[in-house]
Structures are given as C-alpha cells and as structure tokens.
Amino acid sequence: MKLVKLIANLGYGSRKEVALMFREGRIADPDGEVLYADDKVPHEHIRIDGEPLDPPAGIVLMMHKPLGATCSRKDQGRVVYDLLPPRYRRRDPALSTVGRLDRDTSGLLLFTDDGALLHRIISPRAQVAKVYEATLASDLRGDEGELFASGTLMLESETTPLAPAQLQVLAPRTARLAVTEGRYHQVRRMFAAAGNHVETLHRVSVGGLALGDLPAGAWRPLAADEVAGIFLPALP
Ligand code: URA
C-alpha cells in the first residue's frame, strides 16, 4: 500500500493532509532522514514528527475502562473512545470495542479492527470466559453457584436459558462470575434472578488475558502472544 494511503488509514489525516505532511518533511525514518510518499519502507521505520507510527491494521488494544464511560461511539457523556488519541476514531478499518461494558462497569475492555477476531472472542461457541468481580447488596445465600452452573437459568423476557457459568465466592458479599455469553446486563440480571443486587461490577479477565495492574483509564496495544493468550484457559 502507498504510504499516503497507509498513514491516512491510520487516522493521521486525509490523504491530502498526509501528502502535505510529506512535503513539510514531518515524516522521516528512525535516523531523521525525511521520507517521500513513493518510498518503500517497513511500517516500523516510519516516524511522524519523531514519533513511531501507530500499529497497522489488525490491532488489538486493552483498556482499563473507568466507571462512567460508555462503550458507544457517540454519547452525551464520556465515551471510551475519548480515552484514545482522536486519530484512533478515524482508522480504516474502524476500531470497535469487543462487546460492551455498562457505563457503571469497570475493568478489562478490548478493542480491535479485526472483525473475525472480535467474533471469535464474543461468540459463546468459542467458550472464552469473561470473569467479573461483583460486590453485592446482600450476603450470598449459598445456592447461587448451583443455579448459575445449571444451564437452565432463564432471565426475564428471554427465551433461551443461560449457558452454565461458574461462581467463585470470595467473601459473603463478593464473588467472581465467569460467563461465556454476553447478554444485555447479564451479570447484574443473573444476581437479580438470585434475589440479590450488584453494587459494583469489574471485569478482571477475558479468556487467559488478565487486566493486571493497568490503571483506570489507561490502555495499551496487545502483543501477538497476548492476543493468542485470550484463547487459553483463564488463570485460576
Ligand atoms: N454484565 C453486566 O451486567 N454488565 C456488564 O457491563 C457486563 C456484564
């Protein structure tokens, strides 16, 4: 692909604007040698104003979604895309969130521009466990683990039962729940079906990828082995 198109597709500007950036000498190699629009150089050798170029198409990012941000592209309030450089919204192919977290849910959120990969992560058939830590308004009764694992729990106004989900009790009002589906408000509705109420909800992992110590609001691209790790079983 021609450099102007490649850089424009990464959201740095229109093709006209990127062509101007070349003419202004803002695009160079790691030694500071100015590049020209017709040059053939590997992606990792391109600098814009001295900064490495963003990763090419096929990108996967992880973010620690903070409370209060929504996963939509446009919303009245704060959206998760506001936490990325503005050019990330202009990438082609477009960057999407891998599923959604509610405004009041924090934790591990993935983004990708790879539709097939996105589908593989969210498809219940792929059995990628999404693990949530919930704090609850009331003490657990003791029968929730069995109920959630049953494969027969039907949420209100739904027509198919939930796939089995695994509950790990951490304290009388704190538990981790691993689900392989992504139904609307699923975790909150599951605890509601068990007569409880979720007060805080935080996603700690997706498959074998854990949020770790990434601070709230921070994000970073994933390396290829980390993307592969999503499809490995979650760590205990
Ligand atoms: N389940 C919920 O209820 N909310 C989320 O954000 C994710 C899963």
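**View 1. Lys 130 stands opposite Val 206 in strand β10.** This is a predicted model, in which local features need pLDDT of at least 70, side-chain atom pairs count only at pLDDT 80 or more, and totals for chains, interfaces and linings use all residues. Residues are numbered from 1 along each chain as its sequence is written, and side-chain values use heavy atoms, leaving out hydrogens and water. Strand β7 (residues 130–136) pairs with β10 in the antiparallel sense, over 7 bridges. Strands (E, at least two residues) are DSSP runs, numbered from the N terminus. Two strands pair if DSSP finds at least two bridges between them. Strands of a sheet pair through backbone hydrogen bonds, either parallel or antiparallel.

**View 2. Strand β6 and strand β10 pair in the parallel sense.** β6 covers residues 105–112 and β10 covers residues 198–206. The pairing has 3 bridges. Ser 106 stands opposite His 202 in β10.

**View 3. β10 and strand β11 form a hairpin.** β11 (residues 209–210) pairs with β10 in the antiparallel sense over 2 bridges. Ser 205 stands opposite Ala 210 in β11. The hairpin has 2 residues between the strands. Gly 207 takes a positive phi there, near 55°.

**View 4. An open sheet of 3 strands has the order β1-β2-β3.** Its pairing is antiparallel. β1 (27–28) and β3 (51–52) stand at the edges with a single partner strand each, so one side of each is left without a neighbour in the sheet. Strand β2 (residues 47–48) is joined to β3 by 2 bridges. The bridge partner of Arg 47 in β3 is Pro 52.

**View 5. Domain 1 meets domain 2.** The chain is divided into domain 1 (3–52), domain 2 (62–123 + 215–227) and domain 3 (129–206). These bounds come from an automatic or database domain assignment. The contact (heavy atoms within 4.5 Å) takes 4 residues from domain 1 and 4 residues from domain 2. The C-alpha centres of domain 1 and domain 2 lie 26 Å apart.

**View 6. Asn 9, Leu 10 and Gly 11 supply 78% of the area that domain 1 buries against domain 2.** The area buried between domain 1 and domain 2 is about 450 Å², and carbon and sulfur atoms give 42% of it. Buried area is the accessible area (1.4 Å probe) that two parts lose on being put together, summed over both. Between domain 1 and domain 2 the count is 0 salt bridges. A salt bridge is a side-chain nitrogen of Lys or Arg within 4 Å of a carboxyl oxygen of Asp or Glu.

Note on methods. Helices (H or I, at least four residues) and strands (E, at least two) are DSSP runs, numbered from the N terminus.
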